[in-house]
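Please look through the sequence and the structure shown here. A short report on the chains and on some local features follows.

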Amino acid sequence: MSDVLAVAEHRRGDLRDVSFELLTAGRQLADATGGDLHVAVVSGDTESFADDLNREGVDAIHTVSEGEEFNHDVYTQAVEALHAELDPEILVMPNSVNGLDYAPAVANRLDLPLVTDAVDFDYDGGLTVTREMYGSKVETTVDVAGDQQAVTIRGAEWPAAEGVGDADIAEFDVDIDADAGSTVTGFEEVGGGDVDISEADFIVSIGRGIEEEDNLPLIEDLVEATGATLASSRPIVDNGWLPKNRQVGQSGKVVTPDVYLAIGISGAVQHVAGMKGADTIIAVNTDPNAPIFDIADYGIVGDLFEVVPELIEQFE
Amino acid sequence: MKVLVTVKEVAEVADDFEIAGTEVDERYLEYDLNEWDDYAVEEAVQLKEDGPAEEVVTVTVGPERSEETIRMALAKGADRAVRVWDDALEDAGLLDVETKTNLLEAVVEEEDPDLVLTGVQAGDDAFGATGVSLADELGFQWGAVVNALDYDADENVAHVHRELEGGVEELTDIDLPAVLTIQTGINEPRYASLRGIRQAQSKEIAPKSLDDLGLDAGAIESDLEVTSMYEPESESDAEIFEGDASETAGELAEVLREKGVAE
Ligand SMILES: Cc1cc2nc3c(=O)[nH]c(=O)nc-3n(C[C@H](O)[C@H](O)[C@H](O)COP(=O)(O)OP(=O)(O)OC[C@H]3O[C@@H](n4cnc5c(N)ncnc54)[C@H](O)[C@@H]3O)c2cc1C
């Protein structure tokens with residue numbers, strides 16, 4: 001019972017990046033526990049997914065060919081059954097939107113302690129998980145009791161596993177009760193519209209620091225003066241101040257401009273997921289401890305209502 | 001239909017703060033209604049205003065102080081509130097998902113709602129797991145990260161959108177009874193009106209101990225223990241511009257010109 005079981009994720013025919021990160025995280029844990037790394041892939045084209053997941057450090061891959069796309073009833077039952085069969089010490093799943101839709105149910109069913117959104121692990125006979133609290137302002141280490149645990153990992157914290165492995169690949173048969181009461185009926189793309197911020201070279205992005213919609217024209221003046229493209233963090237879109245196609249982040253757009261100027265944005269992980277690929281990141285924020293400064297190349301610790309008018313003046 | 005909304009009072013940390021042991025020093029914490037729960041409350045109140053829901057009840061796990069926050073939800077239109085607390089919880093440390101599930105399950109069994117709405121996550125500990133865990137424990141259906149909800153009373157089905165990553169939404173039909181975890185942006189949470197705030201004063205907040213819920217101390221034994229808390233080590237090599245606003249803006253302008261993105 002020292003093995004590790006990691007559950008891959010895919011959508012619309014492609015494995016998602018976090019699947020390969022899970023392999024690295026899973027291997028790290030398996031090295032510490034002295035066990036094997038098992039990988040599960042459920043639904044879709046499991047055969048080709050299994051080939052792709054067969055990377056260095058993977059000992060076994062179990063495919064469950066039931067359904068095309070993610071369905072939490074299928075995932076919950078498949079992972080529960082596989083866990084019962086393999087009896088691993090640690091179960092690792094992605095802290096993605098779909099991960100959040102089945103991991104808690106699996107943990108509950110198997111009576112496993114669950115720790116979500118891990119950014120690191122430590123294993124010394126027992127599992128310790130590092131995670132953040134209060135919007136990344138503090139980090140904590142959490143000891144997890146019990147002989148078996150379930151953990152979900154934050155995306156982009158572990159490098160993707162590479163190389164070619166020689167895992168045993170086998171179909172795992174589960175009796176799925178497909179009549180469970182939820183049905184996925186389709187997908188919808190959102191956030192089209194007038195501009196494509198993912199094409200922009202220079203983005204001025206605003207966050208909750210602007211406080212009210214009435215302050216938006218100030219930023220629009222800056223955008224005008226500098227020829228930038230306007231984008232924002234999620235709360236601005238939630239408030240209806242800007243359309244959805246301006247939202248940068250995990251549930252918005254991924255942008256890769258030459259310069260990303262983040263004004264009044266704290267740098268929550270879901271925001272950073274959309275902009276960390278910018279060449280140069282500049283932050284204006286009153287809080288010197290705001291996480292955005294951890295990834296910034298340049299920064300101003302100051303009030304945007306003082307800095308932005310001065311900046312506009314520089315370009316007029 | 002009866003809707004139960006789980007609400008949490010979350011702590012927010014001031015810009016400058018100190019850590020005392022494995023906690024942020026109480027002096028640097030401010031309390032507020034969890035952002036995601038605000039949207040969940042609004043969604044429930046709208047279900048009532050639009051017809052399908054007869055009653056909206058909120059449940060919170062929190063000390064007496066949290067009543068102030070619960071009153072906000074009542075002022076926005078919830079009918080009454082249940083507050084679960086116990087001296088045993090005072091000393092329990094970090095409540096794990098299972099503990100919250102146990103407590104809320106007991107309340108759901110008492111209240112017997114058709115629909116439970118929770119926030120996607122709590123802004124402080126950010127586990128993001130309680131709603132789905134609760135649903136599974138209850139044998140309810142569920143949907144996580146819901147950003148659109150259309151309830152069909154004839155079919156007793158919730159047509160929802162789940163907001164996936166990268167601007168894609170999944171459309172799912174969920175049979176009731178169900179637990180939905182609500183994402184920000186699903187609606188526009190109202191401000192509490194003065195009238196609402198006045199009315200909230202006379203609405204019931206029923207305190208419940210473990211005993212009242214038929215639970216014993218075993219139900220709140222947490223599997224998690226926080227062993228250290230610290231400010232994350234910044235790997236930042238950011239160059240911070242010093243000076244007044246005009247100086248810092250000047251330096252920033254220079255960088256923008258250097259990078260060739262603005263003239
Ligand atoms: C499943 C999920 C998906 C999500 N997807 C996204 C996403 O795609 N994109 C996204 O952005 N978020 C997303 N979020 C939300 C995310 O967790 C944060 O809540 C959000 O990014 C915070 O936005 P913010 O930085 O603008 O606001 P806050 O975190 O409130 O930060 C505001 C900042 O402004 C600063 N400030 C205040 N006043 C001033 C001033 N006068 N001058 C300068 N600075 C000031 C403050 O110090 C603070 O740092 C998602 C969350 C979840 C759970």
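## Aromatic rings

In this predicted model, Phe70(A), Tyr75(A) and Tyr102(A) make up one aromatic cluster. Over all chains, a search of the whole structure gives five aromatic pairs. One of the pairs is stacked: the rings of Tyr298(A) and Phe241(B) are 5.7 Å apart centre to centre, with 20 degrees between the planes.

This pair crosses between chains. Tyr298(A) belongs to strand β18 of chain A, residues 298-301, while Phe241(B) sits in the loop between β15 (239-240) and α7 (245-258) of chain B. Are these two residues, Tyr298(A) and Phe241(B), buried or exposed? Tyr298(A) is buried, and Phe241(B) is buried too.

## Chain A as a whole

Chain A contains nine helices and 18 strands. Its C-alpha trace spans about 70 × 45 × 35 Å along the principal axes. Of the 316 residues in chain A, 60% are buried. Among contacts between residues at least 6 apart in the sequence of chain A, those joining residues at least 24 apart make up 65%.

Chain A carries 15 positive and 64 negative charges. The mean position of the positive charges and that of the negative charges are 4 Å apart.

## Positive phi values in chain A

Most residues other than glycine have a negative phi. For Asp117(A), phi is near 55 degrees. This residue lies in strand β7 of chain A, which covers residues 114-118. Why does Asp117(A) count as buried? The reason is that its relative accessibility is 12%, and buried means under 20%.

For Glu211(A), which is also a residue other than glycine, phi is positive and near 70 degrees. Glu211(A) is located in the loop between β14 (202-206) and α5 (216-226) of chain A. Glu211(A) counts as exposed because its relative accessible area is 56%, with exposed meaning over 50%.

## Chain B as a whole

Chain B has seven helices and 15 strands. Taken along the principal axes, its C-alpha atoms fill a box of roughly 65 × 45 × 40 Å. Buried residues account for 59% of the 263 residues in chain B. Of the contacts in chain B with a separation of 6 or more, 69% are between residues 24 or more positions apart. The accessible surface of chain B is about 11,400 Å², and carbon and sulfur atoms hold 40% of that surface. In chain B there are 18 positive and 69 negative charges, with their mean positions 9 Å apart.

According to an unreviewed UniProt entry, residues 21-217 of chain B carry the annotation "domain: Electron transfer flavoprotein alpha/beta-subunit N-terminal". Over residues 21-217, chain B is 30% helix and 30% strand.

## Helix α2 of chain B

Helix α2 of chain B runs over residues 67-75. Which residues of helix α2 are buried? They are Glu67(B), Thr69(B), Ile70(B), Ala73(B), Leu74(B) and Ala75(B). Just after α2(B) comes Gly77(B), with a positive phi of about 130 degrees.

His159(B) is placed in strand β10 of chain B, residues 157-163. With a relative accessibility of 29%, His159(B) counts as partly exposed, since this class lies between the limits of 20% for buried and 50% for exposed.

With neighbours within four places in sequence left aside, His159(B) is in contact with Ala148(B), Leu149(B), Asp150(B) and Asp152(B), and also with Thr172(B) and Asp173(B). Asp175(B) is 16 residues from His159(B) along the chain, and the C-alpha atoms of these two residues are separated by 8.9 Å.

## A cis peptide bond in chain B

Most peptide bonds are trans. The bond from Leu176(B) to Pro177(B) is cis, with omega near 0 degrees. Pro177(B) is in the loop of chain B between β11 (168-175) and β12 (178-182).

Notes:
Residues numbered from 1 in each chain as written. Chains lettered and ligands numbered in written order. Predicted model: local features only at pLDDT ≥ 70, side-chain atom pairs only at ≥ 80, totals over all residues. Heavy atoms only, no water. UniProt positions renumbered as here; feature names shortened; annotations may be inferred. Helix = DSSP H or I, 4+ residues; strand = E, 2+ residues; numbered from the N terminus. Buried < 20%, exposed > 50% of the residue type's maximum accessible area, 1.4 Å probe, protein only. Contact = heavy atoms within 4.5 Å. Lys, Arg positive; Asp, Glu negative; His and termini not counted. Charge placed at Lys NZ, Arg CZ, Asp CG, Glu CD. Phe/Tyr/Trp six-rings, centres within 6.5 Å; stacked < 30°, edge-to-face > 60°. Areas by Shrake-Rupley, 256 points an atom, 1.4 Å probe, with all protein chains shown as cover.
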